[in-house]
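Here are my notes on this model, point by point. Please read them with the structure open.

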Amino acid sequence: MTESRLTVLKTHKLFIKGAFPRGESGRTHPLHDKDGGVLAQLCTASRKDLREAVEAAKAAQPSWAAATPYLRGQIVYRLAEMIEGRADELAAALRETTGASAKNARAEVDAAIDRTICFAGWADKMGSVLGNQNSVAAPYWNFTAPESVGVLGIIAPEEAPLLGFVSIWLPALCAGNAVIVLASESLPLPALLMAESMPSSDVPAGVFNLLTGFRDELLKPFASHREIDGVVAAVNNAQATVLREQGADNFKRVRILDDRHDWSSATCDGPDAFGGVVEYKTTWHPQSSE
Amino acid sequence: MSTATPSPKAAKWDYAPAPESFRPEINADHGLYIDGKFVPAKSGRTMNVINPATEEHLTRVAEAGKSDVDKAYKAARKALRGWSRMKAGERGKLLFRVARKLQERAREFSVLETLNNGKPIKESRDADIPESAKHFFYHAGWCDKLRYAVAGGHEPGPVGVCGQIIPWNFPLMMAAWKLAPALACGNTCVLKPAETTPLTALRLAELFRDCDFPPGVVNIVTGGPEAGKAIAQHEGFDKIAFTGSTEVGRGIVKGCAGRPVRLTMELGGKGAQLIFADAAIDQAVESAVLGIFYNQGQVCCAGSRLLVEESIADIFQAKLLHRMASLRMGDPMDKNTDIGAINSAAQLKRIAGYVKIARNEGAVVHECGVGEIPKKGFWCKPTALGGVQPAHVVAREEIFGPVVCLMTFRTVDEAVARANDTPFGLSAGIWTEKSAKMFDVARRLRAGVVWCNGFNLFDAASPFGGMKESGFGREGGRQGLLEYLAH
């Protein structure tokens with residue numbers, strides 16, 4: 001028997017403002033594999049970490065929204081190029097943590113990459129599909145165009161830890177929002193690997209932030225934070241009520257996706273995905289040579 | 001009848017030459033790209049391709065005849081079923097590949113475009129090639145979203161096999177404008193580049209091949225009028241998309257009159273730029289210069305009629321001529337060059353003929369620009385025609401060269417009437433700081449594209465096309481897609 005080499009155990013860190021900090025609280029919790037063994041340690045995000053992430057998102061959002069949709073699309077396409085290169089690693093992460101078969105794990109990775117490509121294409125088309133000119137009965141040129149909401153909190157689905165994860169924040173990102181995503185509590189590994197691809201895909205620091213931790217602990221802070229403009233969440237009814245109730249203070253846009261949402265459905269590729277992540281602005285402009 | 005040159009002798013521009021040094025390899029011979037392979041023309045005939053700035057021989061390309069075109073259409077027909085039924089997202093990924101490859105090889109394509117077309121390298125580098133890549137990127141993203149492009153929410157299908165004929169002024173960009181939306185919607189194509197400028201389209205064919213496009217989806221046949229005729233008169237197409245002169249376009253429309261085929265026509269123009277007295281005048285001058293001298297004025301939407309409000313006409317003309325005097329003319333491969341070569345001897349002759357007509361009709365001809373005119377090649381100085389009347393030939397017909405007519409107006413109504421007083425209706429520009437007036441005038445202009453406080457702006461996401469005798473159909477944006485969808 002040959003002497004085996006000791007593997008290096010990794011502690012997965014948070015992703016805030018383009019960097020990978022440990023949690024402010026110093027707490028960690030274990031990442032389990034499908035059989036309950038410990039794969040690695042995870043940083044446990046606190047309320048303070050969320051606040052840091054919001055601050056970063058708020059600072060980064062205006063220039064992200066001001067970037068041309070074409071540029072945002074190219075950056076998201078670049079992200080797809082990066083994760084295509086890590087497809088094997090992502091599939092392995094799915095197999096290890098969810099127990100998915102090799103075939104199913106690979107299929108989920110492929111679907112996640114294709115969805116990323118799909119939204120790369122949406123960035124410069126959502127205005128043409130979601131916006132319109134309005135024929136008002138007065139000499140005005142009147143048009144309605146979608147724009148970003150601002151800083152969005154995203155509660156990723158507990159299941160479908162890769163496809164559901166990317167599907168829930170891609171529309172927000174393409175529309176020019178900055179996001180703070182809470183990864184699946186029990187299956188965060190694919191999300192953490194994705195976060196590692198962010199800096200190399202030219203997504204500006206602060207536009208995408210990822211937290212790992214306990215949903216029960218962080219749900220309320222997400223809902224009540226005044227600088228978070230909206231929440232998209234794959235949660236159960238009780239959690240949805242918390243988000244709506246606490247979010248009412250600053251009239252958060254709260255979009256609830258069923259926690260049994262079918263992430264492989266084609267509707268996830270369509271314009272409905274922009275619900276809750278865009279505002280509509282109508283501009284009246286006079287037409288007169290008087 | 002006189003020739004005036006603007007005064008400022010002080011404007012001496014000493015730049016060191018800044019030549020682009022990269023030279024792509026060009027094969028001695030190019031075949032037709034049919035069914036995924038480069039093949040010689042059946043007749044064995046070839047055409048010489050030259051650099052219009054030096055008249056140097058660049059390469060030979062195959063000259064397609066009727067039977068070659070027939071072969072290309074058959075290949076496109078055979079490929080249609082597989083291509084249109086391919087999973088939309090996968091079709092998109094193939095087009096994304098093309099966009100990325102074009103971006104990666106942008107320098108090579110830019111140099112090739114300038115060598116073959118004569119346009120300044122700064123234009124091919126900063127506009128033609130990146131815009132072409134953008135067209136593929138933009139349309140790649142539509143493939144899996146076509147149902148959202150049409151009203152009604154059903155899944156639209158392709159039109160079928162498309163014959164596409166493009167001009168020589170923006171060789172690669174026109175190929176991209178034609179191919180990208182057609183392919184995104186699941187159509188297959190037979191594209192004919194212009195006789196004088198086939199090189200970037202042929203290199204694009206290599207790129208399609210290298211990106212693993214199924215054979216027959218894109219076919220590129222080079223040739224002259226015979227090949228063009230064969231494409232437009234064949235029995236095997238479902239659609240013709242044509243960009244070129246109004247005269248040739250009219251012939252195609254007549255030829256297709258009895259057939260259930262779709263048509264897109266992007267034809268000539270006589271674009272007006274309206275400069276109101278309240279305009280930001282220096283910016284308006286800059287825009288006027290860009291609007292007519294960009295690409296040596298060989299642009300269908302060029303702002304070839306400058307309509308200036310009478311109260312500022314003198315100062316505007318003085319500023320315009322002053323600016324024109326600093327336009328650098330010469331080697332298109334020099335990064336400082338503003339005005340390159342005219343694409344062909346025939347086009348130069350045509351432009352010179354119009355300048356002669358202008359003189360005979362009593363216009364004041366101002367020929368400007370700096371730089372030694374090279375001994376070889378086809379060159380035309382940037383030219384402004386003063387004292388032009390609306391009835392003059394040069395105010396009515398498309399010159400397609402660096403020649404602008406200066407005219408005046410007194411009221412908004414007169415400005416609109418004069419701008420619309422042409423059979424064309426492609427583009428128009430408005431310069432005013434009063435935005436309510438701007439949108440009122442924009443509403444009243446009969447042109448498919450109206451630029452406010454700017455000119456010659458293009459985007460893959462923005463529909464482009466004409467009204468009246470400038471043709472019909474749009475290219476770019478959601479409306480451009482509709483031209484390639486059966487819905």
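1. Start with the salt bridge of B:Lys122 and B:Asp338. Their side chains meet at 2.4 Å, N to O. This is a predicted model, so the distance, like every value below, is computed from predicted coordinates. Between domain 1 and domain 2 of chain B, the count is one salt bridge. Polar contacts across that boundary come to 17 residue pairs, both residues at pLDDT 80 or more.

2. The domain bounds deserve a look. The assignment for chain B gives domain 1 as 3–15 + 269–452. Domain 2 is given as 31–267 + 467–486. The centres of the two domains of chain B, taken over C-alpha atoms, are separated by 30 Å. Domain 1 of chain B brings 35 residues to the contact, and domain 2 of chain B brings 31.

3. How much area is buried between domain 1 and domain 2 of chain B? About 2,700 Å², with 56% of it from carbon and sulfur atoms. On the domain 1 side, B:Tyr294, B:Met333 and B:Asn343 lose the most area to domain 2 of chain B. Together these three account for 23% of what that side buries.

4. Next, the sheet in chain B. Three strands form an open sheet in the order E2-E6-E5, with mixed pairing. E2 (29–30) and E5 (46–51) of chain B stand at the edges; each has a single partner strand, so one side of each is left without a neighbour in the sheet. E2(B) and E6(B) (residues 56–62) run parallel and are joined by two bridges. B:Asp29 has B:Arg60 as its bridge partner in E6(B).

5. Two helices to inspect against that sheet are H3 and H6 of chain B. H3(B), residues 106–117, lies across E5 and E6 of chain B and runs at about 100° to E5(B). H6(B), residues 199–210, lies across E2, E5 and E6 of chain B, at about 50° to E6(B).

6. Now the interface with chain A. Here 26 residues of chain B are in contact with 24 residues of chain A. The area buried between the two chains is about 2,200 Å², of which carbon and sulfur atoms give 62%.

7. In a salt bridge of B:Lys93 and A:Asp114, the side chains meet at 2.7 Å, N to O. H2 (88–104), H4 (121–140) and H14 (435–444) of chain B each supply at least two residues of the side that touches chain A. H14(B) gives the largest share of that side, eight residues.

Definitions and conventions
Residues numbered from 1 in each chain as written. Chains lettered and ligands numbered in written order. Predicted model: local features only at pLDDT ≥ 70, side-chain atom pairs only at ≥ 80, totals over all residues. Heavy atoms only, no water. Pairing = 2+ DSSP bridges. Helix = DSSP H or I, 4+ residues; strand = E, 2+ residues; numbered from the N terminus. Contact = heavy atoms within 4.5 Å. Axes fitted to C-alpha atoms, helices over the stretch in contact; angles between N-to-C directions. Domains from an automatic or database assignment. Buried area = accessible area lost by both parts, 1.4 Å probe. Salt bridge = Lys/Arg side-chain N within 4 Å of Asp/Glu carboxyl O. Polar contact = N/O pair within 3.5 Å; in protein donor to acceptor, adjacent residues only side chain to side chain.
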